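I opened the notebook to look up a handful of helices, residues and spaces. The entries are in the order in which I took them.

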Amino acid sequence: MRELLLRPVLEWLRTHRTSADWAVATEVLASVFAVETSGNWTDPGAPNTVTLAQGVESAENLARLVCLWDEVSPTLAEAEGQDGLSSAPAAVVPLLDLAGSWARLGEGFVPHNGEPGEARKRQGTAGAARILATLTPLLQTFPGLALRTRRMLSAAYARSGDAARRLSTLDIDPDLESFTGWSRRDDLEDRGEAAQGRALAVEALAQKIAALGPLDGVARFDSLVEQSKLAGDHGGGIWVADRMVPHLADPAAWHAVATSAGSPLMLRAALTQWLTTSPGTLSADVLTAALDEPRFRANVISTVLGRGEDDEAAEFVIEAMRAEDAWQLDSLFIQDEPNEVLHRLLLHPVPAIASSAAIGFAVGQPHGPTLPGAWRPAWRDAVQHLRPGDLSQHDHWRAGQLLGHLADHDPHLLEAWYLERLDELADRGYFVAPEPHGCDLHLDRLSRAHRYRLAVRCAGLPRIGHSPLIQLVGPDRDLAERLLRDGVVTPDNNLLEALVGQRNETLEHLGPLLLSHGVPLAHIAANVAWVDSWRGEDSSRHQHLIDYFTALATRVPALASVATAGLAQQQELLREAEHRERAARVRGE
């Protein structure tokens, strides 16, 4: 089967040799020559059973794959011209990872902690050597690939302790080692010494690149960025760029070159130094050009605002911020003390910016700066207009924490926020529990007056999902009676929805009220028996409900008729479920 897959790939590569074509081809080759094999199948006698199997090929099949590589090697070795594999270094990565899997097999590493046996280990070593021999010319051309290979093999050979001898043929660019924060000496030093050595190496590299001047320095930095990606490091040299900042003698010149080269990290470093040494010379035109470039925008905003300085640059950037920039505010609220930049963000005319700033303060959760009392009116206004759809995923959690806090400490604000979300839902035409998920669970902690006003607003809305009356009314019979008197709800429609899945005190308080208004017993029992989710067979769920209704008849005599209706429903449903499950067992399901 693998041979059948290989030949069309090699034939296709005769006429398809762009970088994108190589990327596809090497991924397929890595699959064809994988040391692992897997499969899945069903059992005709047990149609609901699926078997998943994964392991390592037999030694015989591995030997055939090693020999089969000879058909691939000439194609990969054709590096002449501009359409060879050397034109697509990123496409080499799947093949290096493939070589790594063979090398690990040779060292006895297999999935699921199995034991491959000596024959498989010998084939693993032979296969790794064969693949790496084909790729060696490319490793000498691209330092990032050489570093990736050394890292991979160093980890594979660590068990035998023979890594130093077996890796001696790979020459690694020492600048790239420092740039990625990796050293071949790491295994020989304790952690403290290794960390100190890396810090010194990074500082030396930062000074070395800065000494090249703007043109050559940016070019060298970007070259190291590209090679570090090939090595598997996607940090992009952030540490080096940060250490370069104080060594940039002419930050305006570095900024201009970084802008022209499209180098985000170099632009950030230059901008940081520019703002440190001569912020008054930074013009609005320079900031505008950087903000208009998507690759630079995030770095400009974080660099200018992260200082906490309320100067012309900060004012300009804040005014230029749009709703899609709100996610960046998270990093500005890691400090403990408020500053005027945060105040300006809280007053921002774009609601997404203001609300993202509002949830960053230490209100309802312990992280972030303290909210000054004088800022509280602006903060309350921003919270009221908070739309979770504008927030990042992490801010969703913070918004949920804040809303829970408001239920106990500022219920008027929580009510105002919820009413505003209801207005948005009314425009949509139906009710669905607003984000963040679970925020409606805080409503039952509000006072009766707050809950009444919210119930009036949402009772008549078409809905998807459960009714908010479950939390708004709950077991509060007095509120339910008032809603009925005022014509806000009807007993057999809106108020009945408040009992969905409520096998608790809500039923015990509202059940008799609904009975007194003539709501059919079967309707009450069916709503109470609702189960959102259940693990196990349907019959066990119905038996669980039978046990509940049996106990309810004794515990709450006023609801004995509801319990009887519920028992009848669940007993019939239990018989149907048992019949289905028995038939499934006969079929072997």
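Predicted model: local features only at pLDDT ≥ 70, side-chain atom pairs only at ≥ 80, totals over all residues.

**Entry 1: helix H6**

I started with helix H6, residues 143-156. I asked whether its length fits its residue count, and at 1.5 Å a residue the 14 residues should span 20 Å. The end C-alpha atoms are 20 Å apart, which agrees.

Next I looked up burial. In H6, 11 of the 14 residues are buried, so this helix is largely enclosed by the rest of the structure. Among the buried residues are two arginines, Arg 148 and Arg 150. Others on that list include Gly 144, Leu 145, Thr 149, Met 152 and Ala 156.

Helix H10 runs over residues 214-230. I made the length check here too: its 17 residues should span 24 Å at 1.5 Å a residue, and the end C-alpha atoms are 25 Å apart, which agrees.

Which residues of H10 are buried? I noted Gly 217, Val 218, Phe 221, Leu 224, Val 225, Gln 227, Ser 228 and Leu 230. For background, I wrote down that an α-helix has 3.6 residues a turn, so residues three or four places apart point the same way. In the list for H10, Gly 217, Phe 221, Leu 224 and Ser 228 are buried.

I then took Gly 217, which sits in H10, on its own. Gly 217 counts as buried because its relative accessibility is 0%, and the cut-off for buried is under 20%. Leaving out residues up to four places away in sequence, Gly 217 touches Ile 209, Leu 212 and Trp 254.

Just after H10, Gly 232 takes a positive phi of about 95°. Most residues other than glycine have a negative phi.

How many cavities of 30 Å³ or more does a search of the whole structure find? The search finds one. The volume of the largest cavity is about 40 Å³.

I listed its lining as Phe 33, Leu 65, Val 66, Trp 69, Trp 102, Gly 127, Arg 130 and Ile 131. By class that is six nonpolar, one polar and one charged. Helix H3 (59-77) and helix H5 (118-141) each supply at least two residues of this lining.

While on H5 I looked up Pro 137, which is found in that helix. Is Pro 137 buried or exposed? Its relative accessibility is 52%, so Pro 137 counts as exposed; the cut-off is over 50%. Pro 137 and Ser 86 are 51 residues apart in sequence, with their C-alpha atoms 9.1 Å apart in space.

**Entry 2: the largest pocket and Gln 471**

The largest pocket holds about 360 Å³ of space. It is lined by 22 residues, and the closest to its centre are Ala 433, Asp 440, Leu 441, His 466 and Gln 471. I noted the classes of the lining as 11 nonpolar, eight polar and three charged.

From that group I followed Gln 471, in helix H23 (residues 469-472). Gln 471 is buried, with a relative accessible area of 15%. Not counting residues up to four places away in sequence, Gln 471 touches Asp 440, Leu 441, Leu 443, Asp 444 and Arg 451.

I also checked Pro 436, in the loop between helix H21 (411-428) and helix H22 (448-458). A cis peptide bond joins Glu 435 to Pro 436, with omega at about 0°. Most peptide bonds are trans.

**Entry 3: Arg 398**

Arg 398 is in helix H20 (residues 393-409). This arginine is buried, at a relative accessible area of 6%. What does Arg 398 contact beyond its neighbours within four places in sequence? I noted Asp 330, Ile 359, Gly 360, Gln 365 and His 367. A polar atom of the Arg 398 side chain lies 3.2 Å from the backbone oxygen of Gly 360.

**Entry 4: Ala 526**

Last, I looked up Ala 526 in helix H27 (residues 521-528). At 40% relative accessibility, Ala 526 counts as partly exposed. The C-alpha atoms of Ala 526 and Gly 566 are separated by 6.9 Å, and the two residues are 40 apart along the chain.

How values were computed. Residues numbered from 1 in each chain as written. Heavy atoms only, no water. Helix = DSSP H or I, 4+ residues; strand = E, 2+ residues; numbered from the N terminus. Expected span 1.5 Å × (residues − 1). Buried < 20%, exposed > 50% of the residue type's maximum accessible area, 1.4 Å probe, protein only. 1 Å grid on protein atoms, 1.4 Å probe; cavity = no way out; pocket = protein on both sides within 12 Å on 5 of 7 lines; lining within 4 Å. Points joined across faces, edges and corners; volume = space filled by probe spheres on them. Nonpolar A, V, L, I, M, F, W, Y, C, P; charged D, E, K, R; others polar. Polar contact = N/O pair within 3.5 Å; in protein donor to acceptor, adjacent residues only side chain to side chain. Contact = heavy atoms within 4.5 Å.
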